[in-house]
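Hi everyone, thanks for coming. Please bring the structure up on your screens, and I'll walk you through it in a few minutes.

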Amino acid sequence: MVQEIKLQGKGVCWSLRLWSAAVISILLLSTCFIASCVVTYQFTMDKINTRLSELHAYHSSFTCFSEGIMMSEKVWSCCPEDWKPFGSHCYLISTVTSNNSSSYWMESEENCSRMGAHLVVIHSQEEEDFITGILNTRLAYFIGLWDTGGRQWRWVDQTPYNESATFWHRGEPNNDNEQCVILNHRWHEWGWNDIPCSHKQESVCQMKKIYL
């Protein structure tokens, strides 16, 4: 009888040790998870603050929008003031002020770059429709697509040129000497047209949204 009690006592002690080890393991894992979340959050905030600091060199104020239906999913996305938000980007209609340039397309790209952006890159019908919806049908606008030689088209942000997602006007591109691309309205529709880079046009700048 005494031996049986001793065996039960050892079993209780062993069970307590297992429970203690499990609790300690859970606490350690929880601590590691919390620490990981803090580090990830801090890293994300550092990236956001760095990006905001960079953009504040070009823009004095931003407009932010709430995204997400539930409070737990609420995210704030920001664009510089006067820029139009769509998807994950911000857009601005820009005008080149110089009256004498050998490449107004390049000057337009440099103008966008000075604002922390680049000439617009279009990859979907939805994006094309949004952009054309804020443009003047009587004007033409440079986009961030150009011919690097031999009809090899390239986007300014180095994303691949996808022939199945292009919006050329009928019969365009049609001239090997026209190496820059505009978005213009003709035949009652918007589309792309290749033109000489030295032609002066309006332009559309694009940058990624800031998420808070």
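Residues 24 or more positions apart account for 63% of the contacts in the protein chain, counting contacts with a separation of 6 or more. Please keep in mind that this is a predicted model.

Now the overall layout. The protein chain has 3 helices and 11 strands.

Let's move on to the disulfides. How many does the structure hold? There are 4 disulfides. With the bonded cysteines of the protein chain numbered in sequence order, the pairing goes 1-2, 3-4, 5-8, 6-7. I'll take you through some of them.

Please find Cys-64 and Cys-78. These two form a disulfide, and their sulfur atoms are 1.9 Å apart. The link of Cys-64 and Cys-78 is right-handed, with 100 degrees about the S-S bond. Cys-64 sits in strand E1, residues 62–67, and Cys-78 in strand E2, residues 75–80, so the pair ties together parts that are 14 residues apart in sequence. Cys-64 is partly exposed, at a relative accessible area of 34%, whereas Cys-78 counts as buried at 3%.

Next, look for Cys-112 and Cys-205. A disulfide joins Cys-112 to Cys-205, with an S to S distance of 2.0 Å. Which hand does this disulfide have? The torsion about the S-S bond of Cys-112 and Cys-205 is about -80 degrees, so the disulfide is left-handed. Cys-112 belongs to helix H2, residues 104–113, while Cys-205 belongs to strand E10, residues 202–208, so this pair ties together parts that are 93 residues apart in sequence. Cys-112 is buried, with a relative accessible area of 0%, and Cys-205 is buried as well, with a value of 0%.

One more pair: Cys-180 and Cys-197 form a disulfide, with their sulfur atoms 1.9 Å apart. The link of Cys-180 and Cys-197 is right-handed, with 90 degrees about the S-S bond. Cys-180 is in strand E8 and Cys-197 in the loop between E9 and E10, so to speak two distant parts of the chain, 17 residues apart. Cys-180 is buried, at 0% relative accessible area. Cys-197 has a relative accessible area of 18% and is buried too, because the cut-off for buried is under 20%.

That brings us to strand E8 itself, residues 180–186. Of its 7 residues, 5 are buried, so strand E8 is largely enclosed by the rest of the structure. Which strands does E8 pair with? Strand E6, residues 141–147, pairs with E8 in the antiparallel sense over 3 bridges. E8 and E9 also pair in the antiparallel sense, over 7 bridges. E8 and E9 form a hairpin with 2 residues between them, and Trp-187 in the turn has a positive phi of about 55 degrees.

Let me finish with a residue on strand E9. Asp-194 is found in this strand, which covers residues 189–195. Is Asp-194 buried or exposed? At 1% relative accessibility, Asp-194 counts as buried, because the cut-off is under 20%.

What does the side chain of Asp-194 make a polar contact with? The partner is the side chain of Arg-151, at 3.1 Å. Leaving aside neighbours within four places in sequence, the residues in contact with Asp-194 include Trp-153, Trp-168, Glu-172, Pro-173 and Val-181. Cys-180, from the disulfide with Cys-197, is also one of the residues in contact with Asp-194.

Definitions and conventions: Residues are numbered from 1 along each chain as its sequence is written. This is a predicted model: local features need pLDDT of at least 70, side-chain atom pairs count only at pLDDT 80 or more; totals for chains, interfaces and linings use all residues. Side-chain values use heavy atoms; hydrogens and water are left out. Helices (H or I, at least four residues) and strands (E, at least two) are DSSP runs, numbered from the N terminus. Buried means under 20% relative accessible area, exposed over 50%, partly exposed in between (1.4 Å probe, protein chains only). A polar contact is a pair of N or O atoms within 3.5 Å; within protein, one must be able to donate a hydrogen and the other to accept it, and residues adjacent in sequence count only if both atoms are side-chain atoms. Contact means heavy atoms within 4.5 Å. Two strands pair if DSSP finds at least two bridges between them. A disulfide is a pair of cysteine sulfur atoms within 2.5 Å.
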